[in-house]
Amino acid sequence: AAWGYNGAGRLGDNTTVNRLAPVLASTTGNALTNSRIITLATSGNNNDQMVAVYATVPVPAAISISTTPEGVLTDDTGTVALPVAVVGGAVGTKTFTITNIGGSTLTLPTIAIYDVSDPLPLSNTQPLKTSLAAGESTTFMVTIAPTRLNSPTGVVYVPSNDPAHNPFRIRFTTHVIASDYAAWRQANFGTTADTPANAPTADSDGDGVSNLMEFALGLTIGSPSTLPPPAAYSPAQQTLTYTYTRSTSAVNAGLVFTVEKSNNMAGPWVSTGITQIVTNLGATQQVTATVPASVPGLLVRLRVTEP
């Protein structure tokens with residue numbers, strides 16, 4: 001800024017009008033955008049002019065990463081879910097979009113996956129572009145192609161020259177299912193993907209039984225479900241006998257069936273001392289669990305979990 005005598009336009013405001021108050025120098029060509037003062041000079045000549053000299057400071061590169069359905073991600077915050085993958089079948093691939101929201105060129109070195117509980121089935125592509133001008137975008141993908149029932153977690157590291165986020169970290173989860181479970185999902189929901197309706201803990205038909213338990217016990221989605229009868233007590237042997245029928249496909253899918261006991265609904269629930277006899281019936285299996293019950297009021301339950 002400057003003021004005072006303005007002969008020959010010496011104040012830099014594109015006029016020759018003398019100024020009694022400070023005026024900005026010309027901003028032609030956005031000369032003062034993203035600028036800072038680098039010198040400050042005063043003069044006792046011509047009514048004490050003061051001049052501030054400005055220099056343009058480049059806006060650094062800034063990385064932004066988004067994906068569907070999560071939207072714009074925050075560095076090292078929360079998790080994203082890779083699509084469901086089937087052992088020996090459909091892979092789960094998720095596409096991520098990198099955008100340079102800064103003012104300088106964004107450079108992207110090699111992207112890698114780290115901190116993985118099981119790295120074997122996971123892979124990633126490199127960005128289609130390794131240099132992005134301001135406003136430009138590119139994509140890369142992360143894929144899980146499982147060969148066994150295991151759902152690893154990990155972190156994708158996206159390095160760049162963004163001074164605030166180098167690397168940008170994307171924490172992810174996976175959901176691996178067996179082909180039998182995938183076929184059941186497809187038959188009942190028209191998709192193998194994770195949706196609110198077919199989530200393992202959801203009760204899609206409103207009969208009080210979760211989807212996972214319906215699959216586990218060979219029940220029918222859309223029809224009222226009949227759960228196994230309560231355990232029968234034998235005073236002579238001081239045991240409870242709990243019998244249930246499970247789906248052979250669910251067993252093949254790796255579901256874990258555990259009969260547990262407790263003296264309190266709040267737990268702890270344990271399976272120690274419980275023996276089981278399994279009878280194969282083709283499409284189903286009948287399981288008879290014998291639970292020592294020397295303590296009055298013993299409770300028995302069946303817990304089913306994914307591997």
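Here are my notes, point by point.

1. Keep in mind that this is a predicted model: local features need pLDDT of at least 70, side-chain atom pairs count only at pLDDT 80 or more, and totals for chains, interfaces and linings use all residues. Residues are numbered from 1 along each chain as its sequence is written, and side-chain values use heavy atoms, with hydrogens and water left out.

2. Start with the largest nonpolar core, which has 32 residues. (Such a core is a set of buried Ala, Val, Leu, Ile, Met, Phe, Trp, Tyr and Cys residues joined through side-chain atoms within 4.5 Å; buried means under 20% relative accessible area, with a 1.4 Å probe and protein chains only.) Tyr244, Leu255, Phe257, Val259, Leu302 and Val304 touch the most other members. Apart from this core lies another, of 24 residues, including Ile63 and Ile170.

3. Now zoom in on Leu302. Leaving out residues up to four places away in sequence, Leu302 touches Met213, Leu217, Tyr242, Tyr244, Phe257, Thr258 and Val259; contact here means heavy atoms within 4.5 Å.

4. Where is alanine 61? It sits in the loop between β4 (50-56) and β5 (63-67); strands are DSSP runs of E, at least two residues, numbered from the N terminus. Alanine 61 counts as buried because its relative accessibility is 4%.

5. Which residue is 39 places from alanine 61 along the chain, with the C-alpha atoms 6.5 Å apart? That's asparagine 100. Alanine 61 also touches Asn100, along with others including Gly102, Leu106 and Pro163.

How values were computed. Buried means under 20% relative accessible area, exposed over 50%, partly exposed in between (1.4 Å probe, protein chains only). Helices (H or I, at least four residues) and strands (E, at least two) are DSSP runs, numbered from the N terminus.
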